[in-house]
Amino acid sequence: MTPTPRSAAPAPSTPQQPLLASARPSHTALLCGIARARHQLIEGGEIFADPLALDILGPAGAAQVRQALEGDGPQGLARDAGSFSQAMRGALAVRSRIAEDTLREAVAAGATQYVVLGAGLDTFALRGEWPRGLARVFEVDHPSTQAWKRGLAASAGLCMPPGAAYVPVDFERQDFMEQLAAQGLDAGQRTVFSWLGVTMYLAPSAVQATLARIGAGAAPGSVLVFDYVRRPGALQWGRKLALGLMARRFGRMGEPWRCFLRDAELRALLAGHGFEPAEFITPAMIRSTLLAHRPSTRRQRVLGGLLGGVVRVRVGARAPAAAR
């Protein structure tokens with residue numbers, strides 16, 4: 001049945017909606033991890049080099065990815081060109097590249113801490129190749145997803161280096177900034193927050209709550225980098241249809257898309273929570289820079305029309321307590 005435009009509307013916000021809650025490991029975290037691994041194998045990591053992308057899947061998972069690539073199924077190399085898998089893989093590689101480029105720039109300017117919200121199978125901390133000046137790295141995720149990731153890391157012989165910490169957070173019951181502080185986050189030090197592939201799965205109230213906590217609790221000059229799904233305009237029927245199909249796709253995995261934002265709406269939300277004017281890195285900008293070396297495919301352009309791109313924004317200076 002063809003979804004109606006209403007399928008692209010966000011679910012009603014509920015105060016009890018958890019930020020990253022799940023009773024089981026995240027299936028989309030696994031898909032993202034597989035996409036990063038395939039990027040290393042197919043494109044040689046040309047956009048985003050991750051030497052542990054295969055290892056973090058565990059020996060069995062890494063073998064399955066290689067076998068699928070060599071086979072004649074839908075994930076085989078012969079059927080990759082122009083596929084949805086190729087388009088999504090490029091988008092995931094680009095956002096990871098932007099996040100880590102942002103981290104290096106921020107550390108060079110004085111940031112000392114890195115927080116990966118909804119870390120999934122991210123391998124930055126495990127790689128140990130930190131820019132000089134970065135003292136602490138924190139991976140925040142739901143306990144079940146984090147336990148699964150730690151098991152995979154152990155099976156691959158990977159362990160966190162000194163200065164890195166796993167921070168399990170049940171977002172229905174715990175404040176993630178408080179849990180970070182308990183693990184050693186210094187609220188007085190500038191921090192980079194990476195929040196990739198998360199906002200679309202949350203209720204709008206949960207997105208606002210996260211922005212509010214970072215805007216109020218992080219040191220001025222701290223940087224947040226995140227992505228989002230753009231809400232189509234009233235007459236953008238093609239985008240509404242495509243968004244409905246995408247939302248259904250993830251809904252069948254048990255992790256439906258919930259939050260869709262227009263750019264102006266997002267700018268106002270950030271300003272209202274103490275952030276400076278944001279930098280929006282749009283899909284068109286990405287295609288003309290990081291992806292300029294190869295022609296864009298139809299699926300890549302369609303996907304770019306749905307995704308809002310990547311946002312980078314700084315926590316603004318706060319007025320002195322006596323002036324408030």
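Let me start with a definition: a residue is buried under 20% relative accessible area, exposed over 50%, and partly exposed in between, using a 1.4 Å probe and the protein chains only. Take Asp-263. With a relative accessible area of 24%, Asp-263 is therefore partly exposed.

Now, what are we looking at? This is a predicted model, where local features need pLDDT of at least 70 and side-chain atom pairs count only at pLDDT 80 or more, while totals for chains, interfaces and linings use all residues. Residues are numbered from 1 along each chain as its sequence is written, and side-chain values use heavy atoms, with hydrogens and water left out.

First, the overview. The protein has 324 residues, and 51% of them count as buried. Its accessible surface comes to about 14600 Å². Carbon and sulfur atoms account for 55% of that surface. Those areas come from the Shrake-Rupley method with a 1.4 Å probe; for residues, only the protein chains shown count as cover.

The protein holds eleven helices and seven strands. Both are DSSP runs, numbered from the N terminus: helices are H or I with at least four residues, strands are E with at least two.

Next, contacts. Contact means heavy atoms within 4.5 Å. Consider contacts between residues at least 6 apart in sequence: 78% of them join residues at least 24 apart.

Back to Asp-263. Asp-263 lies in helix α9, residues 263-272. What does Asp-263 contact, leaving aside neighbours within four places in sequence? Tyr-228, Arg-230 and Phe-280. Gly-308 is 45 residues away along the chain, yet the two C-alpha atoms are separated by 7.8 Å.

On to the strands. Phe-193 sits in strand β4, residues 191-195. Is Phe-193 buried or exposed? Buried, because its relative accessibility is 1%. Not counting residues up to four places away in sequence, Phe-193 touches Val-115, Leu-117, Met-177, Leu-180, Ile-214, Ala-218, Val-223, Leu-224 and Val-225. Its C-alpha atom is 9.9 Å from that of Thr-102, which is 91 residues away along the chain.

Val-229 belongs to strand β5, residues 223-229. Val-229 is buried, with a relative accessible area of 1%. From Val-229 to Trp-257 is 28 residues along the chain, and 8.8 Å between C-alpha atoms.

Last topic: helix packing. Two packed helices are described by the angle between their axes and the distance between the axes. The axes are lines fitted to C-alpha atoms, for helices over the stretch in contact, and angles run from 0 to 180 degrees between N-to-C directions. Under 35 degrees counts as roughly parallel, over 145 as roughly antiparallel, 65 to 115 as roughly perpendicular, and the rest as oblique.

Here is one pair. Helix α1 (residues 27-42) and helix α3 (residues 84-108) pack at about 95°, with axes 9 Å apart. So α1 and α3 are roughly perpendicular to each other. From α1, the contact uses Cys-32, Ala-35, Arg-36, Arg-38, His-39 and Ile-42. From α3, it uses Ser-85, Arg-89, Leu-92, Ala-93, Arg-95 and Ser-96.

And the other pair. The axes of α1 and helix α2 (residues 58-70) come within 11 Å and cross at roughly 55°. That makes α1 oblique to α2. Ile-34, Arg-38, Leu-41 and Ile-42 of α1 meet Val-65, Arg-66 and Leu-69 of α2.
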